[in-house]
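I open this notebook to record what I looked up in one model. The entries follow the order of my reading.

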Amino acid sequence: MTLLSYNVGVFSKYEDDTTPQVADLIRNTGASLVALNELDSCNRRHAAFQLRELAGELGDWSFQFASAFPYAGGAYGNGVVSRDKVISRYKVHLPKSDGSEPRSIAVVETDRCVFASVHLDYVGEMSQRVQVEALNDWFKAVYAGAKKPVFLCGDFNAEPDSETLRLMRTGWTQLSGTDFTYSTTNLRKCIDFVFAYKDAVPVEVISSEVLTEGTATLSDHFPVKVVVKF
């Protein structure tokens, strides 16, 4: 199974609308599930429901949007698109704490796995710690002992040696590597990751890579691709 994590920067960091190019990228990777960060929904910055537009470009894939907070008359948040049929879906709200804004997790469950997209606060480790603790509590309550793999992907705004990532690794196995993912114009740090929940069916990593070729103008982050077997 191929998984993709991508902060798409509302599909307009450097171009007007990169939705078609991102859809082509997803198809070319063979991904079944994609975690997306920085999505607009029906607001003054972007009138479109961006996640639904992407799902349509992919051939009417299933999708789940989780608003993090209201923005410009609409919403802003995270999402998931799935080639597989979705049998359950959730929107999980994370506390703001001392951070810049509330955050969210978009979660879908298919016959084969559970897959979620998160974007942690960028202000600092205190807000991130509170958000990681909250997400750990939620997954423990809903998916502890799951008979299928549970994946959590996204922009963690934290580097591999940070306290945030160390806290994540107490309950999650990092499947992606540490190659830099940000930024596409000044590549200097790894902040985008793919994790698997330890208290669920284990997975084997076949390959992991940051997709830099042909993606530098699509967003300020590079996408992360992980292929797993279970």
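The model is predicted.

**Entry: H46**

I looked up H46 and found it in the loop between β2 (33–41) and α2 (50–57). Is H46 buried or exposed? I have its relative accessible area as 17%, and the limit for buried is under 20%, so H46 is buried. Its side chain makes a polar contact of 2.6 Å with the side chain of D40. Setting aside neighbours within four places in sequence, I list V10, S12, D40 and S41 as the residues in contact with H46.

**Entry: positive phi**

I then checked backbone angles. C42 is placed in the loop between β2 and α2. Its phi is near 50 degrees, a positive value in a residue other than glycine. I record C42 as partly exposed, because its relative accessible area is 41%.

F11 also went into this entry, with phi near 55 degrees, again positive in a residue other than glycine. I located F11 in the loop between β1 (2–7) and α1. Its relative accessible area is 0%, so I put F11 down as buried.

**Entry: cis peptide**

Which residues does a cis peptide bond join? I found Y182 and S183, with omega at about -5 degrees. S183 lies in the loop between β9 (172–174) and β10 (192–197).

**Entry: α1 with α2**

For helix pairs I wrote down two quantities, since two packed helices are described by the angle between their axes and the distance between the axes. Helix α1 (residues 19–29) packs with α2 at an angle of about 50 degrees, and their axes are 9 Å apart. I therefore call α1 and α2 oblique to each other. Their crossing is right-handed. On the α1 side I list T19, P20, V22, A23, I26 and R27, which meet E53, L54 and E57 in α2. Sorted by class, this contact of α1 with α2 holds 5 nonpolar, 1 polar and 3 charged residues.

**Entry: α3 with α4**

I repeated the check for helix α3 (residues 125–143) and helix α4 (residues 163–171), which pack at an angle of about 15 degrees with axes 9 Å apart. Angles under 35 degrees count as roughly parallel, and α3 and α4 are therefore roughly parallel to each other. I noted the crossing of α3 and α4 as right-handed. Which residues of α3 meet α4? They are E125, Q128, R129, V132, E133 and L135, and in α4 they meet E163, T164, L167 and M168. By class I have 4 nonpolar, 2 polar and 4 charged residues in the contact of α3 with α4.

**Entry: A200**

Last, I looked up A200, which sits in the loop between β10 and β11 (204–210). A200 counts as buried because its relative accessibility is 11%. Leaving out residues up to four places away in sequence, I found that A200 touches A146, K148 and V150. I also noted F151: 49 residues separate A200 and F151 along the chain, and their C-alpha atoms are 9.6 Å apart.

Terms used. Residues are numbered from 1 along each chain as its sequence is written. This is a predicted model: local features need pLDDT of at least 70, side-chain atom pairs count only at pLDDT 80 or more; totals for chains, interfaces and linings use all residues. Side-chain values use heavy atoms; hydrogens and water are left out. Axes are lines fitted to C-alpha atoms, for helices over the stretch in contact, and angles run from 0 to 180 degrees between N-to-C directions. Helices (H or I, at least four residues) and strands (E, at least two) are DSSP runs, numbered from the N terminus. Angles under 35 degrees count as roughly parallel, over 145 as roughly antiparallel, 65 to 115 as roughly perpendicular and the rest as oblique. A crossing is left-handed if the near helix is turned anticlockwise from the far one by less than a right angle, and right-handed if clockwise. Contact means heavy atoms within 4.5 Å. Ala, Val, Leu, Ile, Met, Phe, Trp, Tyr, Cys and Pro count as nonpolar, Asp, Glu, Lys and Arg as charged, and the others, Gly among them, as polar. Buried means under 20% relative accessible area, exposed over 50%, partly exposed in between (1.4 Å probe, protein chains only). A polar contact is a pair of N or O atoms within 3.5 Å; within protein, one must be able to donate a hydrogen and the other to accept it, and residues adjacent in sequence count only if both atoms are side-chain atoms.
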